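This report concerns a single protein model. Please consult the sequence and the structure shown here before reading on.

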Amino acid sequence: MLDLFVGLAIALGLFLLVRGIAARARRNPHRLPVPPGPKGLPLLGNIYQLPQTVPWEGYDKLCKEYGDIIYLKALGQGLIVLGSQQRVVDLLDKKAVNFSDRPSLPVHELMDINWSFAAMPYGAAWRQYRRNFHQYLNNNAVQEYHPIMHEETKNFLRKLKSNPDQIFEGVQFLFGTAIMRAAYGFDDIRQNESLIHIAEALVHEMAESAVPGRFLVNNFTPLKYIPSWFPGAGFKKHFKMVAQMSFEVVHRPFEEAKRDVDDGRKSSYPSMAHSFIDRLPEDSDPTRAELEEIARSVCAIAYLAGAETTVSSATALLYALASYPEIQAKAQAEIDKVIGSDRLPLVKDRGELPYVHAILKEVSRWYTVAPLGVAHSNTEDDEYDGYFIPKGTIIIQNNWAILHNPEVFDKPFEFIPERYLKDGEIDPSVPDPDIAAFGHGRRICPGRHFSNDGLFVMAASLLATYSIAAPKDKEGKVVPMKLELKNPVVSARFD
Ligand code: HEM
């Protein structure tokens with residue numbers, strides 16, 4: 001009897017093995033290898049080789065050793081790093097139909113953030129959410145928010161007069177407020193200050209959750225079913241708290257905007273929420289719930305994805321201006337000549353202020369706010385340049401490496417706005433940092449026009465009215481400043 005069982009077990013094992021080999025052969029008929037990469041440990045793979053502290057530099061080092069497309073595996077999950085513009089264009093642009101998915105992360109379900117289209121799988125639902133977002137934030141539509149940007153910049157400059165040391169808090173408030181107003185029409189955002197803090201914490205949690213190898217549950221999905229009282233399941237309690245934050249961020253401000261509309265409180269300028277709410281069908285309409293869900297989500301993601309990123313770039317700008325007084329002086333001379341001192345610069349002056357424009361391009365390149373972008377994934381198996389790319393591979397784009405490639409940007413670690421100029425005009429032959437700073441393909445950042453316009457107005461107006469200097473200690477010595485990573489997706493300053 002025992003012999004029979006052993007025989008059956010061996011037969012079953014052989015059957016599964018042969019079936020596995022056949023399936024692999026079917027999926028990879030040309031028997032192509034995956035891209036090169038460091039050899040990993042059995043089962044664990046390259047988990048200990050995934051760079052953790054400054055990952056974009058770590059991945060760049062690996063790319064220099066193995067090539068500009070590398071393959072790693074962590075606990076069974078495949079991961080590809082694209083280390084050059086060519087690789088990114090080949091996969092994320094030219095093969096966008098297959099490479100526009102997001103990795104499916106069980107933590108997103110635990111954190112209850114599947115409402116965010118930034119995390120949604122590529123498909124009909126994502127397309128519908130993104131289209132709704134785009135109608136309010138495309139290049140033309142953002143002009144509706146220029147008055148908000150101009151007004152908030154003026155408020156920022158006014159406050160700076162009495163509190164020059166609070167400049168970093170000032171830019172945070174400026175962009176937090178501008179985006180809240182554009183998204184929800186709140187004229188007084190102080191009432192939503194607690195919300196801003198919750199949103200900030202949530203963004204941090206989202207960024208942490210996506211770091212490869214950070215949470216075991218992302219590699220072993222069944223872990224999400226263990227009860228929170230189980231020893232070692234503390235992460236479940238933590239994510240429950242995050243889910244509560246997620247609920248607050250997506251529901252509270254939208255409900256408030258609905259009350260404003262119901263009570264006839266009009267905001268000074270157009271907002272996404274008011275426009276959505278005005279167009280929602282009656283409660284009895286069967287499509288109402290779905291349309292309201294889209295509206296709620298699209299407004300919330302504008303704030304979540306837009307505030308910290310834009311503030312991070314503004315912070316880098318302040319750092320650069322304080323570190324390079326001669327660049328600041330050149331920009332001020334241009335503003336004096338073109339605008340004079342009777343008014344503040346406006347977004348529409350950008351074409352006439354090429355040097356200030358070049359400073360903003362250089363900030364975006366030099367201080368890559370999202371150095372590794374947001375990971376993509378491929379929906380189907382793929383063959384590319386002699387390599388096999390299994391479906392569901394996490395695709396990481398090293399935007400920092402692309403924007404610091406010395407073959408494209410000479411002396412990449414130096415801050416040189418002049419690199420974009422020729423005969424006093426923007427030189428179209430120099431690659432624009434937008435080729436990588438905002439990601440790629442169909443997932444490219446849809447908020448980039450808002451942040452580019454808002455940052456331009458803030459920078460030009462600040463230069464028109466103030467000079468930025470590095471802080472000094474009591475003895476009058478310059479205190480060295482440093483720019484550091486704040487969370488794994490968005491860089492920011494700590495001093
Ligand atoms: C300096 C400012 C900003 C930077 C550097 C930045 C960068 C990025 C990057 C790298 C991505 C991922 C693209 C990809 O997957 O390839 C992204 C996605 C996204 N960004 Fe931005 N962003 C900024 C500002 C904004 C603003 C102001 C908003 C909203 C008003 C916004 C909304 C979004 C959304 C909704 C996505 C997800 C798109 C999708 O998955 O389809 N971002 N951003």
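The model is predicted: local features require pLDDT of at least 70 and side-chain atom pairs count only at pLDDT 80 or more, whereas totals for chains, interfaces and linings use all residues. Residues are numbered from 1 along each chain as its sequence is written, and side-chain values use heavy atoms, with hydrogens and water left out.

**Nonpolar cores**

A nonpolar core is a set of buried Ala, Val, Leu, Ile, Met, Phe, Trp, Tyr and Cys residues joined through side-chain atoms within 4.5 Å. Buried denotes under 20% relative accessible area, exposed over 50%, and partly exposed the range in between (1.4 Å probe, protein chains only). The largest nonpolar core holds 57 residues, of which Y145, Y184, M272, L304 and F450 touch the most other members. Two or more residues are given to this core by each of α4 (106-111), α5 (124-137), α6 (146-162), α7 (167-184), α8 (193-209), α9 (234-262), α10 (272-279) and α11 (288-323). Helices (H or I, at least four residues) and strands (E, at least two) are DSSP runs numbered from the N terminus. With ten residues, α11 supplies the largest share of this core.

Contact means heavy atoms within 4.5 Å. Leaving aside neighbours within four places in sequence, Y145 contacts Y136, L137, A182, P270, M272 and F450.

**Helix α10**

The buried residues of α10 are M272, A273, H274, F276 and I277, and they pack against α5, α7, α9 and α11. In this helix, F276 is buried, with a relative accessible area of 6%. Not counting residues up to four places away in sequence, F276 touches N132, Q135, Y136, A295, V298 and C299.

**Two helix pairs**

Two packed helices are described by the angle between their axes and the distance between the axes. Axes are lines fitted to C-alpha atoms, for helices over the stretch in contact, and angles run from 0 to 180 degrees between N-to-C directions. A crossing is right-handed if the near helix is turned clockwise from the far one by less than a right angle, and left-handed if anticlockwise.

| Helix pair | Axes come within | Crossing angle |
|---|---|---|
| α13 (354-366) and α15 (448-465) | 10 Å | roughly 125° |
| α9 and α10 | 10 Å | roughly 65° |

α13 and α15 are therefore oblique to each other, a term for angles that are not under 35 degrees (roughly parallel), over 145 (roughly antiparallel) or 65 to 115 (roughly perpendicular). The crossing of α13 and α15 is right-handed, and that of α9 and α10 is right-handed.

In the contact of α13 with α15, V356, H357 and L360 meet L455, F456, A459, A460 and L463. By class, this contact has seven nonpolar, one polar and no charged residues. Ala, Val, Leu, Ile, Met, Phe, Trp, Tyr, Cys and Pro count as nonpolar, Asp, Glu, Lys and Arg as charged, and the others, Gly among them, as polar. Between α9 and α10, F254, A257, K258, D260 and V261 meet A273, H274, I277 and D278. This contact has five nonpolar, one polar and three charged residues.

**Positive phi angles**

Most residues other than glycine have a negative phi. K411, not a glycine, has a positive phi of about 45° and lies in the loop between α14 (399-403) and β7 (421-422). At 47% relative accessibility, K411 counts as partly exposed. D423 has a positive phi near 50° and is placed in the loop between β7 and β8 (425-426). At 75% relative accessibility, D423 counts as exposed.
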